[in-house]
Amino acid sequence: MARRRRETIHLGVLYSLTGPYGLVGREMLNGLTLAVEQVNGSAEFDFQFAPLVFDPGGDLQNYQEHCELLIRDKGVRHIVGCYTSASRKQVLPLIERYDRLLWHSARYEGFENSDNVIYVGAAPNQHIVPLARHMIETLGTSVYCVGANYLWTWETTRVLQEIVSAAGGEIVAKRLVALWDTEIGHIVREIIERRPPIVFNTLVGEASYRFYRDLHRALAREQARDPGLPRPTVLSCSLCEPELRLIGPRASVGHITSSVYFSSIDTPENRAFVRRYREMFGSGNLPSVDAEASYLCGLLLARAVRRAGSTDVQGVRAAARRDELQAPQGVVRVDPENNHCYLTPRLARSRAGFSFEILDTAPAPVKPDPYLTWLDLDDLAHRRPVPGHALRVVK
Amino acid sequence: MTRRHARSFRGLHALIEHPPGRDRTVLTTQLELLGLRVTVHDSPLPRSYEDIDILFFDADGGQEAESGDVHREIELPAVALIGSETPSRLQAMLARQPSAYLMKPIRATGIYASLAIATHQFATLQGMRRKLASAEERLRSRRLLFSATLQIMKQAEVGEAEAFRILRRAAMSHRQTIEAMSAQILAGEFPLPRLRVG
């Protein structure tokens, strides 16, 4: 019997592959490409995806124009894309006006809930809250904050500050630099002088890599003089595998990150995912949380289209809300209440070889809470540091 | 100028503090259609509000100061232009005490209502501020009045009602408010015999 010709579904892709956050954009495209290859090569789907990739280059105006092109000229119903909240806010009015669906892979600061977005990246209760909890339980409550002067920093630092205050601690300083400004020498000097036990880093791109490198160098110099000096622990919600390589072999070691995905997750699903990723993009590369999330965007969309029997937005959205996916990070499903996903928060420490050692894993996927409606400060406040507390290491 | 109807905003001078783009263009066009004179200002850095009647400001942009947001108190109706609903942004927006808001993307619809709400709310707020100021002034004076009455009660060995009657009579005969007379009594300018005579 002749095989039925598979229908082609055009898929809009809006990732900045160039510009200040081009590295993440290429990571996300890699993840999505993997999903597209999987769908197109599988007999389980009677259609194939043809991605139409647009690169806004990090320019907000381009996001709007490219989105309009994809919808009006190309007629796509589904767009996978955006990384920064500023870019999402640019395209959201168009997506809503034309009633399309945006598959959003990036973690973000929350406080949004559009019926026309499937939020596959982590919500604040899945990234900053677990990090703050870990910090209070094991490291202390005196924090020095450094970050780029934009929404992500303002909001994550605010949440951290509320939790730290509830636990009786304090933000000892909040230092902001202009977005994409890489002049951070004065901050490193101040950390060396004040020696805070914990540093919370929300710098982005090169500024962040330089910060890790310069701080490492300055601390090494200080410790050569006085080996007894304590080292601050640097915490982040965004540090990922490809960035470790950019920071360098020594300066990238020993930092704590909160994320729903690390390439070192030891499950059959993830091992297969990492293997396929390396086959396609080079054996030296490990997928990041952003790559996994865009992979999930592609896969959730394909499964929803199959279940709905069409690309119709209403049908696909309803189908996506009924799905449950065995993802590289564990079970992932869309919460019908808010279009965000149940994800599994983890904490890890960066180690030699540009990867992460996972320190803690949530026992089950966590319901997304984009408005932090259910955040219980009293519960967090009682999680004081336990002397000699040993972390549960999940292999 | 010819008379405007009660809900016309013709001739008002609006300032829009927002970076250029579609939102600002839509807002400018609609305000001009409603007869307002519009000035735009790209930068979040302060600008004089001297000749401005109503302010539209970007609630998303702006640089957050390291010690939290610091803004002057705006003595004019202000409309916040909101994109992000994150608490950190909302807090910075509220610090500027807007009287109304518009959600981005800005549409022609809603701008007229925001003008009506902002000007009304601001007028109500100003009225309340005036009332509060006068009530606070009276409250401060009450303390003087109370102390002066107490002093007369002691010196003249009379009850409260009689002491107050003496005070009021003295104020009337010197053509002063009762609060001003109290202040003078406490300053020792009216010894008891003079008061009784007064």
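1. Basis. This is a predicted model, in which local features need pLDDT of at least 70, side-chain atom pairs count only at pLDDT 80 or more, and totals for chains, interfaces and linings use all residues. Residues are numbered from 1 along each chain as its sequence is written, while chains are lettered from A and ligands numbered from 1 in the order in which they are written.

2. Chain B against chain A. Eleven residues of chain B contact 14 residues of chain A (contact: C-beta atoms, placed from the backbone, within 7 Å). On the chain B side, two are nonpolar, five polar and four charged. Here Ala, Val, Leu, Ile, Met, Phe, Trp, Tyr, Cys and Pro count as nonpolar, Asp, Glu, Lys and Arg as charged, and the others, Gly among them, as polar.

3. Domains of chain A. Domain 1 of chain A takes in 7–121 + 267–328, and domain 2 of chain A takes in 125–259 + 346–381. These bounds come from an automatic or database domain assignment. Taken over C-alpha atoms, the two domain centres in chain A are 28 Å apart.

4. Domain contact in chain A. Domain 1 of chain A puts 15 residues in contact with 17 residues of domain 2 of chain A. On the domain 1 side, helix 1 (22–40) and helix 10 (289–308) of chain A supply at least two residues each. Helices are DSSP runs (H or I, at least four residues), numbered from the N terminus. That side of domain 1 of chain A holds six nonpolar, four polar and five charged residues.

5. Helices 3 and 5 of chain B. The axes of helix 3 (residues 111–156) and helix 5 (residues 178–186) of chain B come within 8 Å and cross at roughly 55°. Axes are lines fitted to C-alpha atoms, for helices over the stretch in contact, with angles from 0 to 180 degrees between N-to-C directions. Helix 3 and helix 5 of chain B are therefore oblique to each other (under 35 degrees is roughly parallel, over 145 roughly antiparallel, 65 to 115 roughly perpendicular, the rest oblique). Among the residues making this contact are Leu144(B) and Ala148(B) of helix 3 of chain B, and Ile178(B) and Ser182(B) of helix 5 of chain B. By class, the contact has seven nonpolar, four polar and one charged residues.

6. Helices 4 and 5 of chain B. Here the axes of helix 4 (residues 160–173) and helix 5 of chain B come within 9 Å and cross at roughly 105°. Helix 4 of chain B is therefore roughly perpendicular to helix 5 of chain B. Leu167(B), Arg168(B), Ala170(B) and Ala171(B) of helix 4 of chain B meet Ile178(B), Met181(B) and Ser182(B) of helix 5 of chain B.

Technical notes:
Two residues are in contact if their C-beta atoms, placed from the backbone, lie within 7 Å.
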